[in-house]
Amino acid sequence: MSVDLLVGTDASIGGTGLHRLRLSNDGSLRRDEVLAVARNASFATYSPRHDLYYLVDEQADGALGAYRAGADGWQQVAQVATYGADPCYVALNAAEDRLAVANYGSGSIALFRLDSSSGRPLAPPQIRHHAGSGPVADRQEGPHAHCVCFAPDQRWLYHVDLGADAIMAYRADRRDGPLGPGQRAYDAPPGSGPRHLVFHPSHPLALLVSELANTLTILAVGDGMLTPLRTLSTLPEGFTGESIAGHLSLDRRGERAYVTNRGHDSIAVFAWKSDTDLDMLQAIPSGGASPRAFALLGAERLLVLANEDGGNLTLFDLRPDGTLAARPAAIPLPGAVFPFVPGR
């Protein structure tokens, strides 16, 4: 069975829209079609309930698009403003009736209700602004929302702010009602720049990657609060060059964590050795400059990585122990920033 892989691209560095590629049974990857109207698609999510792809357009006047892929090609079902600048992350709740967006440039998040029959985002959304700054002057002059995600129990919506070194939490279980007041769920070390948060699938734990510090933090999750248990470097011991962390993901069972390092240009692979500690198994070269994001294909035992400055995709086989083995040839794709497989 073949697998469709979507790759968002950045027009400012040569991207031409949303690319659909086809992964065949023999492991080859070929280009299929391009959705030119979906420019600067830096993050995406998919709703099986509505059969819609939701893409954020990372530009100064932020936009959220809803698209459907059919036998006659792509159809844009809706496009709405995100009421903030530079949207970079989008998340869907479990009921698939609300969708949240992180606006990096304005440091705000937007929560949309989705129409129950069509799945269209209903404007205006609820907006929550954050305030604050950090000690890294050129990156933390103000708030920068880099991730927004619903807690596994759906009671809380978390807002990860790189600029203010904080994670906020809002009560989100009031059906069709406003978000509850925000509380500071976690204060990150000054200058660390928290970027992405993911929850463990079966334990009350989360992982946070901090971009500016190149660190991975294990957090205990409880009632809208995140308590740090341990922080580790995402870089191999002895590295002294400049680097920032990028994308973070867990495998389906939560046994392995994968993080990109931009500058060191690698993917770090971690395994749990206890509920409060991780071991770095590997830091493998990314095969291109500035590895921004990747897609994990567990069933196909494959990781597909977008190297933003390298303008290519690189493929890695997943070994039985979760470590990676690079395939020999990169696939040129200018502007590649975000590979995505629906439902993965």
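A: **Cysteines and an aspartate**

The count comes to 0 disulfides, where a disulfide is a pair of cysteine sulfur atoms within 2.5 Å. A disulfide is a covalent bond between the sulfur atoms of two cysteines. Take cysteine 88: the nearest cysteine sulfur belongs to cysteine 147 and lies 8.3 Å away, and cysteine 88 is in no disulfide. Cysteine 149 is in no disulfide either; its nearest cysteine sulfur, again that of cysteine 147, is 4.2 Å away.

This is a predicted model: local features need pLDDT of at least 70, side-chain atom pairs count only at pLDDT 80 or more, and totals for chains, interfaces and linings use all residues. Residues are numbered from 1 along each chain as its sequence is written, and side-chain values use heavy atoms, with hydrogens and water left out.

Cysteine 88 is buried, at a relative accessible area of 4%. Cysteine 149 is buried too, at 8%. Buried means under 20% relative accessible area, exposed over 50%, and partly exposed in between (1.4 Å probe, protein chains only).

Now the aspartate. Aspartate 321 sits in the loop between strand E26 (312-318) and strand E27 (324-326). Strands (E, at least two residues) are DSSP runs, numbered from the N terminus. Aspartate 321 is partly exposed, with a relative accessible area of 38%. Leaving out residues up to four places away in sequence, aspartate 321 touches Arg256 and Leu281; contact means heavy atoms within 4.5 Å. The side chains of aspartate 321 and threonine 323 are joined by a polar contact of 2.6 Å. A polar contact is a pair of N or O atoms within 3.5 Å; within protein, one must be able to donate a hydrogen and the other to accept it, and residues adjacent in sequence count only if both atoms are side-chain atoms.

Key:
Helices (H or I, at least four residues) and strands (E, at least two) are DSSP runs, numbered from the N terminus.
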